[in-house]
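Work through the exercises below with the sequence and the 3D structure open beside you. Try each task before reading its solution.

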Amino acid sequence: MSMIHPLPSSVAGVASPPCFTYPFCYQPHPLCVAAAMQVRTYLRSRPQWRGELELGKMMGVLVVEQEGRRGFLAAFSGTLAGTSVHSYFVPPVYDTMAPEGHFAAEQACISGINARIDYLRGQRVNLDALRQQADEAVGAARERMETARAERHRLRATLDAGALEARHDEMVRQSQFLKAELRRVRQHWQQVLAQAEAPNRQLDQQIAVLEAERRQRSNALQDWLFRQYVFLNACGGQRTLLQVFGSVRPPGGAGDCCAPKLLQACYRMGCRPVCMAEFWVGRPPVGEVRVEGHFYPACHSKCRPILQFMLQGLPVDPNPLLADSPGLPGQLREVYRGDDFVVVSKPSGLLSVPGKDGLPSVYSLMRDRYPQAQGPMMVHRLDMDTSGLLVVALTVDAYHRLQRLFEMRLVRKTYLALLERPMPVGRRGTIDLPLALDPDHRPCRRVDEVHGKAALTQYRVVANIEGHALVELTPHTGRTHQLRVHCAHHRGLGNPIVGDRLYGAPQARLMLHAARLAFDSYVFEDDLQGFLMKNGDKFAWLG
């Protein structure tokens, strides 16, 4: 079929991987890298798409085997150039943009209801000006009454008894008249407003009926649409979107990402999936870290349940986040041992505290080394992929004392990071970008000016090493993934840390190291001799 594109001859001798890609954390296979380059070449040949692609789009490739020959399929997320179908790319699992059929007819009906609601809302009388006139009229009548009352008080204080008695009846009539006048003004404007509000009430009733119909039709159409998305898997099974998500209502756009489209087309054509990858083209979306040409894992909120079903029956690579953990006690080196706390150097790939998968952690290893230790022990944490200095408390008092120092930001931490590209040596500055959890791409963080928590990092470019900037990072807050996002985001350094599989390009390890830790009168520095060494064509960090 024309949708299966040939791989370039340069990878003809590259062996296929023994297992399919684990889509939520992977290093792209050379076959996928070559296929992605082919897709990028094709996109450059379509200048009419340039404007839309510059705004940013996720693309995907799936290397397949059919009748002993390899090729690849290509997909885009959502729509491209106003449509969901292009001959070069696989079709959607279900085409919501097809001009005929139930979905299009119901969408047109709902659009008609929306237009009718908008028209009726436009017919409503704007009562704000009328209410303002009423308030002004009532206020003027009240002011006349209060002015007359003040004048009567003045006369009572200044007139003698005879003169006051002579004017008594007049003053009473004036008071009664002005009070009655205020009541008449209020009643008049109440009637005026009631008459003006009557048409609005009728219109509101019509609008409420239409809104209820729209809500009923929209919910019914959404449920119908969820049933049209029928996904296949390698075992020959099939499930609708509602069945895949179970008791959880599927999020909008579920099933329209690259990975489900690619696998669905592969199964429909009777091909064997070999490996898969998704990559970004264009500018990054607001708040997120997306770098042109970089590969990214499938999203969790929309794709995880779908892909977990679609991959059934395929031999799939293990989760690298679990496979990479060294978990050996000998790799956790002690830098300092005191009476009530220890400073250790954590290797990359080791958890700081136990996770749900039962992997070794600094906590479990230190608990084995110091069975007499009391309290929670772990005063602070490092990301699993980050290496470097950690403080471990051996007593409850030390734990609380050290934790207070961290909470009061009296602990000075310095990190070293190797970035993907060189930078001017000596450049320094401050990055102030608030961070929040990205619910669509857990565990990633995104820049969020509205809901994010303050995150502040100082940086200094120390050197350039074989095309990579070595940067000193000093965080003044301790947000999750703070340094990784501040380096990678285009409003930060725009230069991801080498080996950052969440915000950059995956490699053997994340080149981020907690190198210095200082509090009270203590200053701890990791042994940086041989800190960077050349290992083939990859950088590796000792420690």
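The exercises go from the whole chain to single residues.

This is a predicted model, in which local features need pLDDT of at least 70 and side-chain atom pairs count only at pLDDT 80 or more, while totals for chains, interfaces and linings use all residues. Residues are numbered from 1 along each chain as its sequence is written, and side-chain values use heavy atoms, with hydrogens and water left out.

**Exercise 1. The whole chain**

Task: Compare the radius of gyration of the chain with that of a compact globule of 543 residues.

Solution. 
- Step 1. The radius of gyration is taken over C-alpha atoms, and the globule rule is 2.2 Å times the number of residues to the power 0.38.
- Step 2. For 543 residues the compact globule would come near 24 Å, but the chain has 35 Å.
- Step 3. Along the principal axes, the C-alpha atoms fill a box of roughly 115 × 75 × 45 Å.
- Step 4. The secondary structure comes to 13 helices and 19 strands; helices (H or I, at least four residues) and strands (E, at least two) are DSSP runs, numbered from the N terminus.
- Step 5. Buried residues make up 45% of the 543 residues. Buried means under 20% relative accessible area, exposed over 50%, and partly exposed in between (1.4 Å probe, protein chains only).

**Exercise 2. The largest nonpolar core**

Task: Find which residues touch the most other members of the largest nonpolar core.

Solution. 
- Step 1. A nonpolar core is a set of buried Ala, Val, Leu, Ile, Met, Phe, Trp, Tyr and Cys residues joined through side-chain atoms within 4.5 Å.
- Step 2. The largest one has 49 residues, and Val-362, Met-366, Leu-419 and Leu-473 touch the most other members.
- Step 3. Elements that each supply at least two residues of this core include strand S8 (341–346), helix H11 (362–369), strand S14 (456–465) and strand S15 (468–475).
- Step 4. Another core lies apart from it, with 48 residues, among them Ile-110, Cys-258, Cys-299 and Phe-309.
- Step 5. Beyond four places in sequence, the contacts of Val-362 (heavy atoms within 4.5 Å) include Leu-332, Val-344, Met-378 and Leu-390.

**Exercise 3. Helix H8**

Task: Explain why helix H8 (residues 258–268) is described as largely enclosed by the rest of the structure.

Solution. 
- Step 1. Count the buried residues: 10 of the 11 residues of H8 are buried, so the helix is largely enclosed by the rest of the structure.
- Step 2. Among the buried residues are Cys-258, Lys-261, Gln-264 and Tyr-267.
- Step 3. The cover over the buried residues of H8 includes S1, strand S2 (69–76), strand S3 (230–232), S5 and helix H9 (304–310).
- Step 4. Just after H8, Gly-270 takes a positive phi of about 75 degrees.

**Exercise 4. Val-230 and Thr-240**

Task: Which residues does Val-230 contact, leaving aside its neighbours within four places in sequence?

Solution. 
- Step 1. Val-230 lies in strand S3 and counts as partly exposed, at 26% relative accessibility.
- Step 2. With those neighbours left aside, Val-230 is in contact with Val-93, Gln-238, Arg-239, Thr-240 and Gln-264.
- Step 3. Val-93 is 137 residues away from Val-230 along the chain, yet their C-alpha atoms are separated by 7.4 Å.
- Step 4. Thr-240 belongs to strand S4 (residues 238–240) and is buried, with a relative accessible area of 15%.
- Step 5. Beyond four places in sequence, Thr-240 touches Phe-226, Arg-227, Tyr-229, Val-230 and Phe-231.
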